[in-house]
Amino acid sequence: MSKNELVIYRSSAGSGKTYTLVMEYLKLVLKRPSLYRSVLAITFTNKATEEMKTRIVDALVKIARNSDPKFIEEVQIATGIPIQELPEKSRKVLNNILHDYSGFAISTIDSFFSGLIRSLARELHLPLRFDLELNIDKVIDEITTLLLDDVGTDEW
């Protein structure tokens, strides 16, 4: 995979998406343990976020303790890192994550965008307090009004 390549995984429920994403995460951070701060994973639910974090930490513990030889062999094949180096690299990543848990960037899409909006507001010196309104009927009414206001204004 090239440095800036986007990879999209599409699959149905129960097909191993989380396993695949955990393996992709491990491939990145085991090669460079400080990279955990540069990897962003976005999910749709808090439950999926917690599951992803738990599975990553569990996988790193398995590797660090050398407790699942089959899994460690899969990681070795996926990363190309010599099998005898994996436990130490795993311990480094675990140490980094546990001492800087806020840098372990796995969040829901709404949490990600909320943080992004807050950062943007701070940069633009706008008030940091805002309310998010999810009133679908109000949004539809406003969009409909804007569309109807523009009807007939296009020149052909």
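Which residues lie nearest the centre of the largest pocket? They are Val7, Tyr9, Leu21, Glu24 and Leu40, and they belong to a lining of 37 residues. This is a predicted model, where local features need pLDDT of at least 70 and side-chain atom pairs count only at pLDDT 80 or more, while totals for chains, interfaces and linings use all residues. Residues are numbered from 1 along each chain as its sequence is written, and side-chain values use heavy atoms, with hydrogens and water left out.

Back to the pocket. Rolling a probe the size of a water molecule over the atoms shows where empty space is left. Here a pocket is an open set of points on a 1 Å grid over the protein atoms alone, where a 1.4 Å probe fits and protein lies on both sides within 12 Å along at least five of seven lines; lining residues have an atom within 4 Å of a point. The largest pocket holds about 1500 Å³ of space, a volume being the space filled by probe spheres set on the points, which are joined across faces, edges and corners. Helix 1 (17-31), strand 1 (41-43) and helix 2 (46-65) each give at least two residues to its lining; helices (H or I, at least four residues) and strands (E, at least two) are DSSP runs, numbered from the N terminus. Helix 1 gives the most, with nine residues. Sorted by class, the lining has 19 nonpolar, eight polar and ten charged residues (Ala, Val, Leu, Ile, Met, Phe, Trp, Tyr, Cys and Pro are nonpolar, Asp, Glu, Lys and Arg charged, and the others, Gly among them, polar).

Next come the helix pairs. The axes of helix 2 and helix 4 (residues 86-99) come within 8 Å and cross at roughly 140°; axes are lines fitted to C-alpha atoms, for helices over the stretch in contact, and angles run from 0 to 180 degrees between N-to-C directions. Helix 2 and helix 4 are therefore oblique to each other (angles under 35 degrees count as roughly parallel, over 145 as roughly antiparallel, 65 to 115 as roughly perpendicular and the rest as oblique). On the helix 2 side, the contact (heavy atoms within 4.5 Å) involves Val57, Leu60, Val61, Ile63 and Ala64, and on the helix 4 side Leu86, Pro87, Ser90, Arg91, Val93, Leu94 and Ile97. Ten of these residues are nonpolar, one is polar and one is charged.

Helix 2 also packs against helix 3 (69-79), at an angle of about 100° and with the axes 9 Å apart. That makes helix 2 roughly perpendicular to helix 3. Ala59, Lys62 and Ile63 of helix 2 meet Phe71, Ile72 and Val75 of helix 3. In the loop between these two helices sits Asn66, whose phi is positive, near 55°. Most residues other than glycine have a negative phi.
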